[in-house]
Amino acid sequence: MTSKTPRGFFKPLAIGAPAPLSELPNRVERMIHFVPPHLDKVRAKVPDLLGEVDVILANLEDAIPADAKTAARAGLIDLARNVDFAAAGVGFWTRINCLNSPWHLDEVSEIVGRAGSKIDVIMVPKVEGPWDIFYMDQLLASLEAKHGVTKPILLHAILETAEGVMNVEAIAGASPRMQGISLGPADLAASRAMKTTRVGGGHPGYRVVEDPHADGGARASVQQDLWHYTFAKMIDACAAHGIKPFYGPFGAIDDPEACEQQFRNAFLMGCAGAWSLHPSQVAIAKKVFSPDPVEVAFAKRILEAMPDGTGVAMLDGKMQDDATWKQAKVMVDCARQIATKDAEYAKLYGF
């Protein structure tokens with residue numbers, strides 16, 4: 001038995017814990033913007049970011065030095081108490097240290113105890129199977145009950161080990177707390193013994209080459225995306241279980257063109273958003289994960305031509321049927337959701 005029974009799936013796991021959600025909150029999450037909360041100067045800038053980002057994530061794990069872990073935790077609590085994320089329509093997340101780290105238990109206990117009502121999502125690194133989510137589910141329920149937290153804290157898994165990739169479907173369906181999954185290419189590369197030091201994106205050595213020419217001329221060669229299989233598998237698992245897939249980090253801050261293309265690939269494949277590691281990536285994510293207004297306008301025409309989604313219609317020489325109607329509805333629903341948060345795009349989309 002690897003999952004809960006249907007009747008038990010949505011039951012609270014502790015006496016006094018809030019009831020699990022049966023549907024994800026309707027939130028725009030085009031970018032998950034990482035901030036190191038142990039740095040005073042960075043925390044001071046967070047209020048100014050609220051008009052630009054969809055999610056602020058207080059990072060406690062990688063990139064936070066071991067001797068700054070306690071300060072990062074204190075900085076997270078300071079943000080929770082002094083910044084009104086909910087009023088700004090901005091999600092407030094944290095990435096905790098991995099489950100086998102010496103900081104894990106104390107930080108989860110303190111976060112829920114002192115800021116549990118303000119935290120929307122806890123991002124869990126190096127999730128290897130549903131057992132990691134079962135553990136977090138029970139732990140959070142107990143802490144929520146203890147501290148009177150009335151809104152369940154959701155969970156977001158990072159896919160960054162070979163075992164996690166193997167078990168991604170079970171991870172996606174492990175708990176009603178599951179909000180989504182992100183690709184974690186750096187740790188996953190190490191787990192697989194891949195020979196790359198890049199964080200996301202393609203690789204110049206991973207290519208296809210055209211067949212030889214009869215005259216012995218130069219053969220065209222095109223760089224490929226070595227993450228495509230893993231990424232597609234993750235997206236399918238998330239879609240099947242009704243949770244959100246995210247691209248994760250793109251490490252080349254100095255290459256915005258490549259960043260935009262990777263984010264666009266992820267958007268086209270079905271992702272809700274991506275991580276932004278630097279303020280320069282926020283605008284890229286906002287642009288890419290907001291549907292093109294021209295495409296939204298065409299999608300709206302399809303829905304207008306086929307109000308009930310049945311039959312066939314011809315628009316600009318292209319046949320539309322129930323399948324393209326479903327595609328158009330995905331596009332329009334995404335645009336409508338963004339329009340509720342972003343006045344700029346509401347005007348562009350005509351909502």
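When I say contact today, I mean heavy atoms within 4.5 Å. Hi everyone, with that settled, here is our protein, and please keep in mind that this is a predicted model.

Let's start with the overall fold. Of the contacts with a separation of 6 or more, 70% are made by residues 24 or more positions apart. The secondary structure comes to 14 helices and twelve strands. The radius of gyration is 22 Å, close to the 20 Å that the globule rule gives for 351 residues, so the protein is as compact as a globular protein of that length. If you like to think in boxes, the C-alpha atoms fill one of roughly 70 × 55 × 50 Å along the principal axes. Of the 351 residues, 47% count as buried.

Now, one of the buried residues is my pick for today: Glu160. Where does Glu160 sit? You'll find it in the loop between β5, residues 154-159, and α6, residues 162-166.

Which side chain of opposite charge is nearest to Glu160? That is Lys126, at 4.1 Å. A salt bridge has to be within 4 Å, and Glu160 has none. The backbone of Lys126 is another story: its nitrogen lies 2.8 Å from a polar atom of the Glu160 side chain.

Technical notes:
Residues are numbered from 1 along each chain as its sequence is written. This is a predicted model: local features need pLDDT of at least 70, side-chain atom pairs count only at pLDDT 80 or more; totals for chains, interfaces and linings use all residues. Side-chain values use heavy atoms; hydrogens and water are left out. Helices (H or I, at least four residues) and strands (E, at least two) are DSSP runs, numbered from the N terminus. Buried means under 20% relative accessible area, exposed over 50%, partly exposed in between (1.4 Å probe, protein chains only). Lys and Arg count as positive and Asp and Glu as negative; His and the chain ends are not counted. A polar contact is a pair of N or O atoms within 3.5 Å; within protein, one must be able to donate a hydrogen and the other to accept it, and residues adjacent in sequence count only if both atoms are side-chain atoms. The radius of gyration is taken over C-alpha atoms; the globule rule is 2.2 Å times the number of residues to the power 0.38.
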